[in-house]
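Biologist: I have not looked at this one before. Can you walk me through the fold?
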Amino acid sequence: MSEPKLSDAAKLLAAKRGVGELAEKMGIQITELSAERAVATMPVQGNTQPRGLMHGGAYLVLGETLGSFAANVWAAPEGYAVGIEISASHSKSATEGLVTGVATAIALGKTLAIYEVVISNDKGERCSTVRITNLIRNN
């Protein structure tokens, strides 16, 4: 796997905090990270519901990981971000391979950071759309 593309602020944050235990257990791999955009992959295997489809909650974990990590890059070094709202619409099922999440900032402000996260399967088909709002807090 190639080295992730990280902004300078993202490098500092990643070195200090890492991606977190849940993201590690889910197999999430960050490939790009800045306040404006974050990209990661996650394997379908190990993250399925009983019928062998990607679990809807797994999509949310990927979405929150990307949106929250990017928001924390935005807030650093003077502050940090905490998720206050998340929603998802699942439009297709993934059954194998990797899914890729791409978080794009909708709004980056003094108190809120909002992201849309599009999660696609290996064929490039959209499987889920996640929207996450983070509250920016001071250290």
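Biologist: In what order do the strands of the sheet run?
Modeller: First, this is a predicted model, where local features need pLDDT of at least 70, side-chain atom pairs count only at pLDDT 80 or more, and totals for chains, interfaces and linings use all residues. Residues are numbered from 1 along each chain as its sequence is written, and side-chain values use heavy atoms, with hydrogens and water left out. The open sheet has seven strands, ordered S1-S2-S3-S5-S6-S7-S4, with mixed pairing. Strands are DSSP E runs of at least two residues and helices are H or I runs of at least four, numbered from the N terminus; two strands pair if DSSP finds at least two bridges between them.
Biologist: Which are the edge strands?
Modeller: S1 (5-6) and S4 (79-90), each pairing on one side only.
Biologist: And how many bridges join S6 and S7?
Modeller: Nine, in the antiparallel sense. Ile-114 stands opposite Thr-133 in S7.
Biologist: New topic. How many residues are in the largest nonpolar core?
Modeller: It has 35 residues, and those with the most contacts inside it include Ile-28, Leu-33 and Val-99. Such a core is a set of buried Ala, Val, Leu, Ile, Met, Phe, Trp, Tyr and Cys residues joined through side-chain atoms within 4.5 Å. Buried means under 20% relative accessible area, exposed over 50%, partly exposed in between (1.4 Å probe, protein chains only).
Biologist: Which element gives the most to this core?
Modeller: H3, with ten residues.
Biologist: Where is Ala-35?
Modeller: In the loop between S2 and S3. Ala-35 is buried, at 8% relative accessible area.
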